[in-house]
Every structure is written in C-alpha cells, then in structure tokens.
2 protein chains.
Amino acid sequence: MGSASLTSSVATRRTDTRFERRLAEILEHGTAVFYEKGYEGASMRDLSRMSGMSLAGLYYYFESKEKLLYLIQKHYFTTVVERLSQRLEGVSGAEERLRTFILNHLQYFLAENHKAMKVLAHEDDVLEGDLGTEIRSLKRRYYHSCADLVEVLRHEHGLEFNLRVSVMSLFGTMNWLHTWYNPRIDPEATALARQVGDTFLRGLYAATRSS
Amino acid sequence: MGSASLTSSVATRRTDTRFERRLAEILEHGTAVFYEKGYEGASMRDLSRMSGMSLAGLYYYFESKEKLLYLIQKHYFTTVVERLSQRLEGVSGAEERLRTFILNHLQYFLAENHKAMKVLAHEDDVLEGDLGTEIRSLKRRYYHSCADLVEVLRHEHGLEFNLRVSVMSLFGTMNWLHTWYNPRIDPEATALARQVGDTFLRGLYAATRSS
C-alpha cells in the first residue's frame, strides 16, 4: 500500500493526501539517516529519533528497513526519470538531448538531493528478491534513456566504440561527485554539466576518429 | 605497532616476518568482510569467522574495527602509489605518464583488488581523528600524482579548464567501475584503460580548444 501511494504521489503531486505528505517526509528523513550511518548502520530507532515519530508510527508507513530503502530508491529514480521526460520535451538532436540528460542528473542529484546521490550509490546492491528486481528494472530504464542517446550519436557519426564502457564512464563521472563536490569552491550544476558534457561528447568523437 | 609493521611489510616484502604475513592475510579477509557487509554492518565476529581466528587472536593484530579499516586503507593506497612510482620510471611525456596512471589504477584495483575498490569508495569518509587525517593525506598525495600530470598537459598545450573537475571526473570514471564491471563481458584492464585514456585526453584537448 505504501508503495502504491508513493507512486501516485509522484504522479499527481497536487492530490497529495495526508498519508502521502507524511510518507514523503519520512523518505526524506530516511535518506538523511542512511546518508549519515549507511543502510547497515542505521536502525529504525535512528529514524524514529530523526523524524520525531514513534516506532509504531513508522511501521504504519513501511514494515521494515528494507522496505524503506526500496521506497527511497523507487522515489528518486522515478522522479529523476519524470523530470527528464519533461525537460526533453521540445529538445531535439541527440547531442542536445544528452546535454539535457547530464544537466537534469546533476541538478536533481547534486543541487537538490545530494544526500540521495550517496545513498543510491552506496546501497546500490542491497535489495534482493522482488524489491531488488523492481529497482534494477527502474535503473535499467534510466541507464537506457542515456545509452539510447549515445547510441544515436554513434550511429549518426559512424563511430565505433564500446557503448557500455562509454555510458558507464559518464555515470561514474556524475555519481562520484558526492565524494568530492563542495558547493563553496566548485562550479554550480549548470557550469559543471557544461564541462562534463563538453569533455564527454568531444572525447567521444575525437577518440573514435583516431582509432 | 601493527601500523609500523604493515608499512615495513609493504616496503620490504622479502623480509616478511610471521607477524606481517599473518597481518596481510587478516587485511585481505577484512577487505572481503567489509566488501560483503559494509563497515557499519561488519562485526569482529564476522571477521573471526572469515579468517578462522579467535577474537583474542584478532585483537593481537589490531585493537578495533576502526583500526582495521585504517590498516586496510593505508595498505592499498600505499601499495598503489608504490606500484605507480615503479611503473613511471622511464616513462616520459605527461600524456604517456597519465595513461600509465590510468592503467596502473585499473590493473591494481580492477584486476587484482576489486573488493578493495568498493571498500575504499564506500568507507571513504568513515575514519576520524588522527587515523582519518593520515589516510586523507595519503589520498591527497595520490590525487596530486594524477593532477600534476593533467596540470603539465594544461600548461604544455596552453589549455584552460577547471583542473579539479577534470581530475575528479577521471577518478569518478575509474572508481565507479566496481558497481558495473563484469569481467565476462567487459574489456580487460588494458583495453579499458586505453578507451578511458583516449576519451579523457582527447576530450580534454577538444573541449578546451573550442572554449
């Protein structure tokens, strides 16, 4: 039930019920707790302290720590994909669309949800069974929304390179940011996305022309 | 004492004492336990089970889980820097030296010590106090051994770009590998290092010429 409610909360934010608003707050607190202590190190008690809710109250929203991690991962991956679809409307050309992908990823995970970036990266392989399968499928969809753009570029320019290595290199560049990015000294998301996009795109063209 | 012994073990492998050989085995088991369970989720009891040693036996080598993580981080960062120095002997030119850096990093962490790559990435910010300071200083030295080469390229070619973003992008590409690399379908370390080096270097040159 929690899961269905979250999905509808994401899809139709305006019709939020009290349950859904409360769940969204819990996911935010849960992300902060996992960010600080890691999934293994965090307890329901930590979450109760952080959210100011009783353990019984928390169990009303999700029945286990595993389920909370699932709801968190599902929320962020669903939302970033939705944002991406909105941003891509009216953007044409694979290069411009790929730049939009990079900007969307950095703005969402770096500027707005930097704690989630670390949690998603760290707890990548924790979930098992059906929950794990569902999250892996969401992530695969997100991966392909990027890989498809790189594939179009490869085709349009008659390039030859290992697509998977190339796309995963880009994700590595973006997802490693949570380990070093310091908003006081580093460029903000738009400038960062420009440098990352320039280096990636032109590196792709140049490296392939020479091989 | 454990720490001094490990340092000498790394520097003069041939004169290993029984203590040092045993410690090296423990570090390997410790890395495997942290790889499976994460630092927060791992207990001394897990380590005892994995290494077949009693808790009392383990405490003879290091006095806490924190100290074990310190010894592990110190070991891998010291060793990869030593390997790099050896490999760089006789290699001239910043571009070739940077390619050597990439190859050394991938061979060491991907081909030979892939569990360590995940542990170092995940437990990056766990250590505090003097232990944390010492590890951060080792990592800074390793970062600069890469950044200095990129800086030489920037200077030689009269380029203008954000050095820190550029170097951290490269580390991101390399260190994210532990989340997706599959030796059965992906290129081995040498071919991978070539593609990563090509894309990074030429991307660097091309992106800057255009700005």
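In what follows, a helix is a DSSP run of type H or I with at least four residues, a strand is an E run of at least two, and both are numbered from the N terminus. With that in hand, welcome to this predicted model.

Let us begin with chain A as a whole. Reading from the N terminus, its elements go α-α-α-α-α-α-α-α-α-α, which comes to 10 helices and zero strands. How compact is this chain? Its radius of gyration is 19 Å, close to the 17 Å that the globule rule gives for 211 residues, so chain A is as compact as a globular protein of that length. If you picture a box drawn along the principal axes, the C-alpha atoms fill roughly 60 × 35 × 30 Å.

Now take a look inside. Of the 211 residues in chain A, 35% are buried.

You will find Arg83(A) in helix H5, which covers residues 65–88 of chain A. Is Arg83(A) buried, exposed or partly exposed? There are 15 other C-beta atoms within 10 Å of Arg83(A), so this residue counts as partly exposed; being buried would take 20 or more, and being exposed 12 or fewer.

Which residues does Arg83(A) touch, once its neighbours within four places in sequence are left aside? The contacts are with Asn104(A) and Tyr108(A). As for Arg18(A), 65 residues away from Arg83(A) along the chain, the C-alpha atoms of these two arginines are separated by 24 Å.

Conventions
Residues numbered from 1 in each chain as written. Chains lettered and ligands numbered in written order. Predicted model: local features only at pLDDT ≥ 70, side-chain atom pairs only at ≥ 80, totals over all residues. Rg over C-alpha atoms; globule rule 2.2 N^0.38 Å. Contact = placed C-beta atoms within 7 Å.
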